[in-house]
Amino acid sequence: MNEQLTHMTKQVTAGKLTRREFMGKAAALGVSAAMASTMFAGAARAAGPKKGGDLKFGLQGGESTNSLDPATYASSVPFQNGKQFGDQLVEVAPDGTIEPRLAESVEGSADAKVWTFKLRQGVEFHNGKTMTSEDVLKTMERHSNEDSKSGALGIMKGIESMKADGDNFQVTLTEPNADLPYLMADYHLIVQPDGGMEDPGAGIGTGPYQVEVNEPGVRHVYKKFANHWNPDFGNFDSVEVIVINDATARTAALQSGQVHAVNRVEPKVADLLGRAPNLTVHSTAGRGHYVFIMHCDTAPFDNNELRLALKHAINRQDLVDKVLRGYGTIGNDMPINAAYPLFDGSIPQREFSVEKAAEHYKKSGHDGSPIILQVADGAFPGAVDAAALFQQTAAQAGIPLEIKREPNDGYWSEVWNVQPFCASYWGGRPVQDQMYSTAYLSTADWNDTRFKVPAFDEMLFQARAELDNDKRKDIYSQMGQMVRNEGGVICPMFNDFVEGVSNQLEGWESDPTQEMMNGNMSRKMWFS
Amino acid sequence: MHPIIKLVSQRLALGLLLLFGASALIFGLTEALPGDAAQAVLGQSATPEALANLREEMGLNRPALTRYFDWLGGIVQGDLGKSLTNKLDIADSIGKRLGNTLFLASVAAIVSVPLAIFLGLLAVRFRNRWPDKLISAITLTTVSIPEFLIGYVLVYFISVKLGWFSSLAMVNDSMSIGQKLYAVALPAFVLTLVVLAQMMRMTRAAILNLMQSAYIETAELKGLSTFQVIARHAFPNAISPIVNVVMLNLAYLVVGVVVVEVVFVYPGMGQYLVDAVTKRDVPVVLACGVVFAAVYIGLNMVADIVSIVANPRLRHPK
């Protein structure tokens, strides 16, 4: 039997056997469907990518108000758009290392303050122009200058100066930062001709596909760009991004074969959907997490005993089972999990404990008036249910939690980062430094827990400048414990990216950075 | 001046005034919503610096009245302006979306209006017998089920299980009329089911009302078949209430179908308006609002004129 199977996989690799034929023959040999499917994928991968075909995405997270201007990207569809027509200088690879894109190599000075990107030569924009270091410089300036309204503005803050020097682009920082290449991998930082100063929404970049149709909120069509610098990227003739915000419509489109991949499969239908014969549901552990956030500087949450009481009063496993239906992992009241490099797995897991919650609640001396938790469905999928579960477990410990439901509309401007106790989510960042500097540094704009501890800030800067990974890991571990024990974040769970992909597509890779293989499906996958 | 021309011009003037009032109301209400376009666009990733820069660029720092009159000044010259959020020309975007909405509405109307009236006549012909009861039962059932549920059920059976029709009603300029009709088949069917009942019941009620009249008896006595009596003598006199309810349903087909658009991913006006409201894109909200108001006012005007033309007493006032 083994010989026969080996022979069959060889045939697949040689392109002589289709998936259907392979599955049929494998079943005849008594191989389970799951096993055969894995073997086929392995064999097909060995055959190498095939070119051609029209790839169709059905994605949640697009609005009629979207623009192709990379500075404005804040949801899934614009994120995918950028990945089709644009390239960053570098990309975070699935294994968490830095992969060169428009920069061939990156080099940091010994003190991690000056970073030089050696740019790839002969890269062509879709308008026929050749990319120069000036284009790179202007792009970065547009995202960081005084007039900038870019989503990347926050991460560009530590830059003292930038210069274009022949084939090189050089960044000088005010403070050392060993993680600078990760910041430059941000999806907003797509290199545009002349930095996109003139017409940022034109959708002209260096990516493997060029814009053909741009109908925001409806669809975006791209055709293969023949002169892309890397012929291995982009196996399809065209890519169509169809905006399907309705979850049921999205899964129906995938099941009936009208699209080849969808994002945000609802956990409650994921198991059912996965049983369909023509598709696979991929669940990827990421760095995104759902949180309840308390302002550490506002009563009653300025009392750490009360914060600890609430942290002990939530049943994390129950939330993962009921809200995420198992498509996620439990959190530990810090924004970091094993998906991050330099994570310390030895930090003890906080468990649900009625006794401890009651004990801390008693110590806090809280007057017993209701503690108001503001939530909206838009805070994260299932936020209202999660809050209700939290309310019940808190009540067991005698903590009176009152849920105040807010409208989705205006939630991010009126409630989040304004009210002292509410539900929210974080998409996660490629490295710990970025996550902590975005939301836990005293001076951060998005310090949504008002966590202001000078010792923590000091350790953050110290870790940033440290090039010895063992020492960094140690510092990050201490920082994580500090947030876990003193911070204002209750982090019950890390959510997986749950995506549905047609079996016609080959070349899937799990990528924890962002959803849909970090936006690289159209570059790396192919039709079998 | 002919009384009908006079009436139409009066109604047109009144309609314009109404449009102006509607736009002021929409502007005021959109302004009253919490947050503004800059906050909505940046969402969770808003920093004070980026917010300030974006407000400056969108011109949101100017007083509300100035912005409204700027917009009004533009629209009088036929300029709908540019979207605050994606800088695209509103007239262009709305043109496509409105075209799609009207296409879907027309397909649904072409099927549903004659069908509803025919079923209404049929129900009168066989009143209180099984065809009447069957027609009423079916149409009242379909109008009572929420349209998204009918939509999902159709998608599940007809496109996922049977694969006959596409669950995505995506239409675009490069498609032929046949392809477009095929694409909108399911949403048009759902809309037909939704609007059928009211028109059918109104036709039935209006005609039944007349069937008691003396002239109907006369027509019956002179030996006309029941259906001829209904179609030739009762129906012309029932046109006025029927046209009114037909126009209301047509207006609904244009302005009220956002749920069906979402279920079938149809690129119409409803979704466009909802997105614009969420992002506080005031010029787009205003433009959509005015278009919807114009459709409503226009169709109601048509209903009034038809009622007058159909009624000799109103056509020749003393």
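Which helix of chain A do the buried residues of α11(A) pack against? In this predicted model, they pack against α9 of chain A, residues 304-312. Helix α11 of chain A spans residues 354-364. Its buried residues are A:Ala357, A:His360 and A:Tyr361. Viewed down the axis of α11(A), these residues fall within an arc of 100°, so they line one face of the helix. An α-helix has 3.6 residues a turn, so residues three or four places apart point the same way. A:Gly365 follows α11(A). The phi of A:Gly365 is positive, near 70°.

Chain B touches chain A. The contact involves 40 residues of chain B and 38 residues of chain A. The largest share, six residues, comes from α3(B). By residue class, the chain B side divides into 18 nonpolar, 16 polar and six charged.

Helix α13 of chain B also packs within its own chain. This helix covers residues 269-278, and its partner is α14(B), residues 282-310. The two pack at an angle of about 145°, and their axes lie 8 Å apart. Their crossing is left-handed. From α13(B), the contact draws on B:Met269, B:Tyr272, B:Leu273, B:Ala276 and B:Val277. From α14(B), it draws on B:Val284, B:Val285 and B:Cys288. Eight of the contact residues are nonpolar, with no polar and no charged residues.

Methods
Residues are numbered from 1 along each chain as its sequence is written. Chains are lettered from A and ligands numbered from 1 in the order in which they are written. This is a predicted model: local features need pLDDT of at least 70, side-chain atom pairs count only at pLDDT 80 or more; totals for chains, interfaces and linings use all residues. Axes are lines fitted to C-alpha atoms, for helices over the stretch in contact, and angles run from 0 to 180 degrees between N-to-C directions. Helices (H or I, at least four residues) and strands (E, at least two) are DSSP runs, numbered from the N terminus. A crossing is left-handed if the near helix is turned anticlockwise from the far one by less than a right angle, and right-handed if clockwise. Two residues are in contact if their C-beta atoms, placed from the backbone, lie within 7 Å. Ala, Val, Leu, Ile, Met, Phe, Trp, Tyr, Cys and Pro count as nonpolar, Asp, Glu, Lys and Arg as charged, and the others, Gly among them, as polar. A residue is buried if 20 or more other C-beta atoms lie within 10 Å of its own, exposed if 12 or fewer, and partly exposed in between; C-beta atoms are placed from the backbone. The arc is that of the directions from the helix axis to the C-beta atoms.
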